[in-house]
Amino acid sequence: MRKVSKKATFAVMVEHEKYMRRCLELAALDSGNVSPNPLVGAVAVYENKIIGEGYHQHFGGPHAEVNAVQDVLNKHEHGAELLKKAVLYVSLEPCSHFGKTPPCTELIIRHEIPKVVIGCLDPFDAVNGRGIDQLKEYGVEVIEGVLKEECEELNKRFFTRIRHSRPYIILKWAQTADGYFAPADGSQKWITSPLSRALVHRWRSEEDAILVGKNTALADNPKLNVRDWKGRNPKRVVIDRNLTLPSVLHLFDQTSETIVFNALKTETNDKVKYIAPENFDQYLPQYIAFQLYLMDIQSLLIEGGVKTLNLFLNAGLWDEARIFTGPQIWADGIKAPVISGHLCDSLQIGSDKLEIFKK
């Protein structure tokens, strides 16, 4: 048996990683349109050249593998024959069950693609290793775990929803250089620069829902949309125990769906949904997270205020925190929350510092 040198093995892995990175780039192109499905990219390679590529573009639409295969067939006169000699790279394990679309494993088998390189397993029970098993049963060579961590990070929202039955929860706030969140009198005063605020609008376009508390809704009258960025508006969520928020607020303008967690009623008024837990005063953040999960919301951006942010912090119910620190010194006001987590990134956004923590 001929031995394969470590140098040759390393060269092959570098090649696999190159094409898997392209899969990740493709997958991220429509990050706001596929939820609650995962983000997936696929690339077909023949003789070290990409002959077709695709990604999952919108919920209910063709999967990445389907689009990549179709791209090969559209671009090449003898595409069907090329596929029989190609390697298919895909960032997430191909599905092996009927959902809104047929199984991608059957597509791969039908086109006789001999080799598939996979980034990470799909944790969904109907797949989770079964896609790989099915491919192997039909003689397809499968390599898995290429850029596994990057592939899992890309789909952290999907993975959290499947594994923990709740959305991926992101806390976001701005604070002054001396640690203040808002003026003591409840008035509105900007801390961050326009550049930072535009970035927040981009974040909103990437998440399924955005949540604020009653006091923030009253003080800021926020629209909670993405007017400073191109993309879809998230669903709006507000906590209003006794339903005291006035109906003239932007939250109730019927332009986007608004969910109101309260202690008084459960009913729907056009695009405004009122949801009352059995016990508003116990395990409220857990109830909100599970209820949003049941509504197929797989990511939640929490923008405040301090009471609402601390509600989720104290419950240990968060995955990521994005904290802007502006250059102002106030010396007085409402103190910003205190977080304990792993600082994974620090960036300068104009005059503001952005720190990103993971739980």
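## Reading the model

Helices (H or I, at least four residues) and strands (E, at least two) are DSSP runs, numbered from the N terminus. This is a predicted model, where local features need pLDDT of at least 70 and side-chain atom pairs count only at pLDDT 80 or more, while totals for chains, interfaces and linings use all residues. Residues are numbered from 1 along each chain as its sequence is written, and side-chain values use heavy atoms, leaving out hydrogens and water.

## An open sheet

Let's begin with the open sheet: its 5 strands follow the order β2-β1-β3-β4-β5, with mixed pairing. Two strands pair if DSSP finds at least two bridges between them. Because β2 (49-55) and β5 (141-144) stand at the edges with a single partner strand each, one side of each has no neighbour in the sheet. From one strand to the next, the twist averages 20 degrees.

Inside this sheet, β3 (residues 87-92) and β4 (residues 115-120) run parallel, joined by 5 bridges. Look for V90, which stands opposite I118 in β4.

## A helix across the strands

Helix α5 (residues 130-137) lies across β4 and β5, at about 150 degrees to β5. Such angles run from 0 to 180 degrees between N-to-C directions, with axes as lines fitted to C-alpha atoms, for helices over the stretch in contact (heavy atoms within 4.5 Å).

## A covered strand

How many of the residues of strand β6 (residues 168-175) are buried? The count is 8 of 8, where buried means under 20% relative accessible area, exposed over 50% and partly exposed in between (1.4 Å probe, protein chains only).

Strand β6 also pairs in the parallel sense with β14 (residues 320-325) over 6 bridges; there, K172 has R322 as its bridge partner.
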